[in-house]
Structures are given as structure tokens and as C-alpha cells.
Amino acid sequence: MTETQKNPLAESFNAISLIRFAFPSMVMMLFMGLYTIVDTIFVARFVDTNALSSINIVCPVINLIVGLGTMLATGGSAVVAKKMGNGNTEEARSNFTLIVVTGAVIGLLITAAGLFFLDEIIWGLGASEILFPYCRDYLTIQLIFAACNMMQVLYQNLFVTAGKPALGLVLAVLAGIANIVFDYVFIVLLQMGIKGAAIGTGIGYMIPTIIGTIFFLRGSRFGVAERECGDRYAADRREGALPPGSRFGVAERECGDRHAADRREGALPPGSRFGVAERECGDRHAADRREGALPPERSELHFCKPDLDASVLLKSCSNGASELVSQCSTAVTTFLFNVTIMKLLGEDGVAAITVIIYSQFLLTTLYIGFSMGTAPVVSYNYGSGNVKQLKATVRICFCFIAGISIFVFLFSLLGGESIAMVFAENNRNVFEITKNGFSIFSFSFLFSGCNIFSSALFTALSNGKASAAISFLRTFGFIMVFLLALPKFLEVTGVWLAVPLAELFTLMLTVYLICRHRKQYHYF
């Protein structure tokens with residue numbers, strides 16, 4: 001078996017093969033974005049604008065859950081992929097298992113704490129008396145599914161590290177379809193309102209969680225031949241041919257006799273451990289696999305008994321800190337957007353900013369998915385010391401990001417009116433506010449792609465500080481400055497300009513960091 005067959009991350013990627021490898025992650029993230037945004041579409045069209053606004057009010061809690069999951073997933077993926085690249089497969093499996101178990105425990109703790117302090121959280125997020133019942137219904141159900149949300153984020157990242165990006169894609173598609181179907185059933189047919197939206201999303205979380213757990217647990221490596229050996233072993237012990245405490249019976253002694261005879265007759269080369277009997281067993285093993293009696297070999301990455309190594313968790317958290325920073329920053333800025341736009345335009349303004357924020361998440365999933373799909377390749381080549389392939393991979397990635405950024409910008413600029421119509425067909429005021437906002441907000445997509453990929457690049461290279469700096473400034477630092485300052489002079493236009501200017505200023509820092517660390521990582 002070649003190294004590439006053993007681990008797909010070892011492939012010598014060109015532009016086409018790298019994009020093909022990352023494509024499942026891109027589509028996966030797109031579907032995750034779709035089943036995140038589908039709630040808002042159904043709520044906006046089949047409930048009311050107050051319900052739509054309430055989703056944005058409690059959004060910071062969901063940002064925190066996703067942020068914790070993404071931090072463990074991306075940071076842990078870098079740790080695991082690097083150890084796989086170094087050839088430390090057993091240690092990589094142990095670290096992988098520890099990371100997944102930790103994610104599940106954190107999810108359960110969030111559920112318990114969130115439900116206990118539910119009312120305090122909702123009031124603290126700024127819900128009005130009118131919005132409070134909507135927020136309570138939606139957040140309660142989301143908290144119940146918190147562990148599943150954490151796990152599906154972990155698995156979607158780690159499928160790529162395991163060399164199975166297509167599986168992540170399939171599960172994301174199934175989850176997205178299930179969410180859409182159940183939203184229709186619960187919201188439209190059963191008239192469950194915002195509760196139905198939350199349940200539909202929760203079911204979407206469960207699909208990757210359940211199937212992902214089964215995938216990493218499965219993988220019997222024994223077939224018909226091995227089961228027959230086991231049967232003979234058991235029969236030997238029952239019939240007394242195998243002494244108590246002995247590990248070998250008649251079948252094993254016969255195999256040993258044949259092994260010795262092989263060596264005497266020259267059928268077994270000196271120094272070789274395998275003779276005729278073993279080759280026959282190998283043939284039967286291969287036949288089992290061809291005929292379906294033996295399941296396909298499991299992924300190189302699977303569950304095992306983990307070592308409780310706190311340093312692995314600390315390294316994973318520090319590597320993935322930028323993703324947590326990004327989500328927490330989004331939570332804070334979402335809160336600030338809600339407060340600012342409420343003062344300027346009232347509840348219709350909150351509904352409009354909800355549409356734009358969720359649309360931004362959907363459109364940036366292409367950047368995020370590509371970064372997720374290529375990050376393990378970067379980590380692997382960095383860990384294995386393959387500088388030539390590392391340079392080629394990074395060069396291809398930046399070229400692709402530049403092209404897709406132009407595409408997303410044009411789509412957002414030209415299609416902003418259509419996007420607004422999808423959400424606000426029944427509210428002309430919300431439609432006009434959203435359409436005008438998109439005409440300015442769209443320019444952020446020209447710069448955000450490079451910033452998102454660069455943050456993921458530094459995470460993959462285990463440089464959590466550089467990655468966190470980029471994420472912090474683009475999602476919090478610069479946005480806070482512009483959002484607090486610009487509306488005082490430009491009113492609503494200042495709100496729409498805050499994100500594009502934050503991305504532009506962050507891009508300047510990104511270029512500096514890329515150039516500064518060029519000699520350290522040799523990616524150019």
C-alpha cells in the first residue's frame with residue numbers, strides 16, 4: 001500500500017485535485033449554512049418579523065456553542081493531522097478520541113447551565129417583553145441539542161482529517177434536507193411556529209452526530225477466515241486440546257508445524273515470518289474483503305482508548321482559539337448591531353440586519369469550507385517537512401480564494417434585491433432596508449475570503465496567535481470601532497459600512513503577517 005493510499009493527505013496535489021479534495025467541505029459548509037438560514041426563511045415567511053428578530057436576539061448563545069466546537073475541531077485537526085504526518089498514528093487516534101469526548105462533555109454542560117439560567121440569559125441579551133416568549137421557545141430547544149451541535153461541528157472537520165471529506169458532504173446534505181423537510185412539517189403543516197424551526201434544526205444536528213459516531217466506532221478488521229480460526233480456537237478449549245491458560249490449541253500447533261515445515265522445505269525464505277499457511281490465510285482474507293464477507297478497512301483515524309493528556313486539549317484550544325474568538329466576536333457584534341439598528345430603525349431594522357447577517361454567513365461558507373478542506377493538507381505537509389508540496393498548496397489556495405471572492409461579491413451586489421425578497425416579501429419596509437444594506441455590505445466579500453483563509457492557514461501551521469489576531473480584528477476589533485463611531489456621523493449608512501471597512505483594514509494586517517512568517521514556514 002502506497003503512502004497516498006494509506007493517507008489521502010499525502011497526495012501531491014495540483015490545482016484541480018486540491019479543489020476536488022476541498023469541494024466536499026465547501027458543499028458541506030454551504031449546506032450547513034443553508035439549514036442554518038432556512039429557519040429564518042420559514043420564520044420570516046410563515047410566522048412573523050418578531051419571531052425573526054428573536055432568532056437574532058438569541059444568536060449569540062448559538063455562536064458560543066459553534067465557536068467552542070469549531071475551536072476544538074480546527075485546533076484538534078491540526079494536532080491530529082500533524083502527528084499523522086509525522087507517522088505517530090496511534091497517538092493521533094488517542095488525541096482524536098480525547099478531543100471528541102471533550103466536545104461531547106462540553107455540550108452537555110452547556111445544556112445544563114443554559115437551561116438553569118435560561119431567563120437571565122434571554123433578558124441579558126436584550127429581549128423585549130414582546131420578543132421574550134419567542135426567544136424562550138427557540139433557545140430552550142437549541143440548548144437541548146447543544147451536544148449534538150458540538151459533535152456535528154467536530155465530525156464535519158475531522159472527516160477531512162480522516163481522509164473522508166465526501167462522507168462529511170453526504171451527511172451535511174442529509175442534515176440540510178432533513179432540516180428543510182422538518183421545518184416545513186413543523187412550521188407550515190403543524191403550525192408550531194418558532195418551536196418548529198428549532199426542532200427542525202436540532203434534527204439536522206443529530207444526523208451527522210449519530211452517523212459520525214457509528215463511522216468512527218465501526219470497522220471490524222476480521223472476516224470469514226479469522227472467524228473460523230476463532231471457532232477452532234474455541235473448539236480446542238472446549239474439547240480440552242487447549243490447556244487452561246494456554247493461548248494456543250490444535251489449530252495453532254498445526255499452523256506452527258506447517259510454518260516449521262515451510263522453512264525446512266525452503267518454502268519460507270530465511271528471516272520471513274510467513275509461509276504457505278500464512279499466504280493461504282492472507283488469500284482468504286483478501287477474498288473475504290472482495291466478496292463482502294469482510295467490511296472495508298476502516299479509516300486510519302478511529303476511536304480508541306484515549307490518554308488523558310491535558311496538553312493535547314490545551315494545544316487544540318490554543319490552535320483553534322481564533323475560531324472561538326471569531327464566534328464570540330460575532331456574538332458581541334450581533335448584539336451591538338441589534339442595539340444600534342433598533343435605535344435607528346426599530347424592529348424592522350433588526351429584522352433587516354438579521355437577514356443580512358445570516359446571508360453573510362451563508363455566502364462566506366464557501367471560504368470557510370475551502371479553508372477547512374485544505375487546512376489538513378497544509379498541516380500534513382508541514383508536519384512531514386514536504387516544503388515543495390506546502391508551497392504549491394498555499395499558492396493554489398490563495399489563487400482560488402481570489403477568484404471565488406470576486407464571484408461572491410458580484411453575486412451579493414447583483415442579487416441583493418432577490419435575497420431581500422426571499423425573506424421580506426410580506427414586509428415592504430424590511431425589504432427596502434435590506435436591499436439598501438446589501439448594496440454597501442457586499443464589498444466586504446472582496447476582502448473577507450483572504451482573511452478567513454489566512455486565519456485557517458496559521459491555525460494549520462499551529463500559529464494560534466497570528467490566526468487569532470486576524471479573526472479578532474475582522475470579527476470584533478475593527479467592527480466595534482467602526483460600529484460605534486460611524487453611525488454617529490452617517491447614521492444607517494455607517495452601520496452598513498462597518499463590516500466592509502473592518503475586512504479591508506484586517507486585510508492589511510493579513511498581508512503583513514503572511515510576509516513576516518514567510519521564511520519561518522516556507523509557504524512562498
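Helices H16 and H19 lie oblique to each other, an angle class that is left over once under 35 degrees is called roughly parallel, over 145 roughly antiparallel and 65 to 115 roughly perpendicular. This is a predicted model, in which local features need pLDDT of at least 70, side-chain atom pairs count only at pLDDT 80 or more, and totals for chains, interfaces and linings use all residues. Residues are numbered from 1 along each chain as its sequence is written, and side-chain values use heavy atoms, without hydrogens or water.

**Helix pairs**

Helices (H or I, at least four residues) are DSSP runs numbered from the N terminus. Axes are lines fitted to C-alpha atoms over the stretch in contact, with angles from 0 to 180 degrees between N-to-C directions.

| Pair | Axes come within | Crossing angle |
|---|---|---|
| H16 (residues 428-441) and H19 (residues 492-516) | 8 Å | roughly 40° |
| H7 (residues 146-161) and H9 (residues 194-217) | 8 Å | roughly 55° |

H7 is likewise oblique to H9. H7 and H9 cross in a left-handed sense. That means the near helix is turned anticlockwise from the far one by less than a right angle; clockwise is right-handed. H16 passes H19 in a right-handed crossing.

Contact means heavy atoms within 4.5 Å. On the H16 side, Ile433, Gly437, Ile440 and Phe441 touch H19. H19 answers with Thr493, Trp496, Leu497, Val499 and Pro500. This contact has seven nonpolar, two polar and no charged residues. Here Ala, Val, Leu, Ile, Met, Phe, Trp, Tyr, Cys and Pro count as nonpolar, Asp, Glu, Lys and Arg as charged, and the others, Gly among them, as polar.

Between H7 and H9, the H7 residues include Cys148, Met151, Tyr155 and Phe159. Those of H9 include Tyr205, Pro208, Gly212 and Phe216.

**Cores**

A nonpolar core joins buried Ala, Val, Leu, Ile, Met, Phe, Trp, Tyr and Cys residues through side-chain atoms within 4.5 Å. Buried means under 20% relative accessible area, exposed over 50%, partly exposed in between (1.4 Å probe, protein chains only).

The largest core has 133 residues. Tyr138, Phe216, Phe337, Leu457 and Phe458 have the most contacts inside it. Helix H14 (residues 321-384) gives the most to this core, 21 residues. A second, separate core of five residues includes Met28, Met29, Met32 and Ala172.

**Thr97**

Thr97 sits in helix H4 (residues 89-116). Thr97 is buried, at 5% relative accessible area. Beyond neighbours within four places in sequence, Thr97 contacts His302, Phe303, Cys304 and Pro306.

Technical notes:
Helices (H or I, at least four residues) and strands (E, at least two) are DSSP runs, numbered from the N terminus.
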